[in-house]
Amino acid sequence: MLIKNALVYTKDFIFENKDLLVKDGKIAEIGESIAADDEVFDAQGAYLIPGFINIHVHGAIGYDVMETTPDELEEVSKFFMNDGVTSYLPTTVAAPYEEVEAAAKRFAEYMKSPREGAHVLGVNIEGPYLNVNFRGAHATQYLATPESFSIDGIQKAAEGQIKVITLAPEVEGAAAFVKAYKEQFKISLGHGGDDYEKCVEAFEAGATQVTHLFNTMPPIHHRNRGLIHAAFEAGVYAELICDNVHVDKSVVLMAIKMFGTDKICVITDGVHATGRKDGRYSFAGAPFTVVNGVAKNDDGNLVGGTSTMLQCVQNLVSWGISIEDAVRMATANPADAIGVSDVKGRIDVGMDADLVLLDKALNVKKVWKK
Ligand SMILES: [Zn+2]
């Protein structure tokens, strides 16, 4: 297929008026005026960007990925793709070992057969290595340490497809865990971080990321250091929920200046109420209520997001971030963070043809995936 007359978001993170040729699901050529004996799509000057990559999401349209059948997961994947997301990591919560193991197995199985909707790129394990004081919506009784909850069995069930694990730096054996597993998957510090020395130790051991920066960790104090200070100093990737609920707009803008447009990864942390009406739901086995799109449990704590990647990108642009930077933080950065940038996250020759056409108001007009 030949896409003509598009404002292509190039690998240099700028828009250029180009044609783009797709062959066998890959980007075959990008040029001024490509002539090919192929089906032609006229983009009519719209933005052509890489598909969004959501590296932290728990579900949507009534389905929690911990429990979905393959067909249900496909429905969720189709919902994401309509929103411009072409890849994502289904994300588990703290739960009994067998449940996490079964979910990991289902994701690995799902990845083997061609399905409609966004690609599942692997698994994000958010629980159970969390600090009880910063557990957020995760159930206390299922929190664990690397010793009491062996990741090897989960990785085996996932057929090696674990891409990210969240680890609170204060969890017993945290730094040793980072050293032992950093070649297998990325380690994202979060749901903890009140012991600055332990944060530094875990980053020095090889942790490369922070889980939903600002949420479920101590806030920045101007004298007492914690995870945010250590992450800033280490220059790591930072997930950021840009839904205007989890983090205030001005703090989002501050974080982008602090960490840089090459390190912030837009995520939704979406729960299964995403794409559904306000009402009563449950997450990780506990009830919560959604009012005006804000999901809180009965203790008044946020339980996750109900926004979409597109809404987050639109928010950033409405707050003064350039379209170029907002797109980068939702595509190239997450691909870099989880180590899939050889095929995903950028428009370049040889990359997977996961593409989204956005109109000038940043609404999705069309989505293609490899
Ligand atoms: Zn989460």
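## Close-up views of the predicted model

**View 1. Arg280 stands opposite Thr289 in strand S18.** Before we look around, a word on the source: this is a predicted model, in which local features need pLDDT of at least 70 and side-chain atom pairs count only at pLDDT 80 or more, while totals for chains, interfaces and linings use all residues. Residue numbers start from 1 along each chain, as its sequence is written. Strand S17 pairs with S18 (residues 286-291) in the antiparallel sense, over 5 bridges. Pairing here asks for at least two bridges found by DSSP between two strands. Strands (E, at least two residues) and helices (H or I, at least four) are DSSP runs, numbered from the N terminus. The view takes in an open sheet of 3 strands in the order S17-S18-S19, with antiparallel pairing. At its edges are S17 (279-283) and S19 (294-297), each pairing on one side only. On average, neighbouring strands of this sheet are turned by 35° against each other, direction ignored.

**View 2. Strand S15 (residues 237-241) is mostly covered, with 5 of its 5 residues buried.** A residue is called buried when 20 or more other C-beta atoms, placed from the backbone, lie within 10 Å of its own; with 12 or fewer it is exposed, and in between it is partly exposed. Which residues point which way from S15? Tyr237, Glu239 and Ile241 take one direction, Ala238 and Leu240 the other, and all are buried.

View 3. Together, S14, H6 and S15 make a right-handed β-α-β unit. From S15 the chain crosses through helix H7 (residues 249-259) to S16, in another β-α-β crossover that is right-handed. To check the hand, let the strands point away from you: the crossover is right-handed if the path from the first strand over the helix to the second runs clockwise.

**View 4. Helices H5 (residues 196-205) and H6 (residues 227-234) cross at roughly 30°, their axes coming within 8 Å.** The axes are lines fitted to C-alpha atoms, for helices over the stretch in contact, and angles run from 0 to 180 degrees between N-to-C directions. H5 brings Tyr196, Cys199, Val200 and Phe203 to the contact, and H6 brings Leu227, His229, Ala230 and Ala234. Residues count as in contact when their C-beta atoms, placed from the backbone, lie within 7 Å. The contact has 7 nonpolar, 1 polar and no charged residues. In this scheme Ala, Val, Leu, Ile, Met, Phe, Trp, Tyr, Cys and Pro are nonpolar, Asp, Glu, Lys and Arg are charged, and the others, Gly among them, are polar.

**View 5. Lys365 sits in strand S21 (residues 364-368).** Lys365 counts as partly exposed because it has 14 C-beta neighbours inside 10 Å. Setting aside neighbours within four places in sequence, Lys365 contacts Ala46, Leu357, Leu358 and Asp359. Tyr47 is 318 residues away along the chain, yet its C-alpha atom and that of Lys365 are separated by 9.6 Å.

**View 6. Ala28 has its place in strand S3 (residues 26-31).** Its 18 C-beta neighbours inside 10 Å are why Ala28 counts as partly exposed. Not counting residues up to four places away in sequence, Ala28 touches Leu21, Val22, Lys23 and Val349. From Ala28 to Gly136 is 108 residues in sequence and 45 Å in space, C-alpha to C-alpha.

View 7. Where does Phe13, with its positive phi of about 65° although not a glycine, belong? Phe13 is in the loop between strands S1 (2-9) and S2 (15-23), and counts as partly exposed because 16 C-beta neighbours lie inside 10 Å. Ile61, in the loop between strands S7 (59-60) and S8 (63-64), also has a positive phi, near 40°. With 15 other C-beta atoms within 10 Å, Ile61 is partly exposed. Finally, the peptide bond from Gly127 to Pro128 is cis, with omega near 5°; Pro128 lies in the loop between strand S11 (123-125) and helix H3 (151-157).

Terms used: Contact = placed C-beta atoms within 7 Å.
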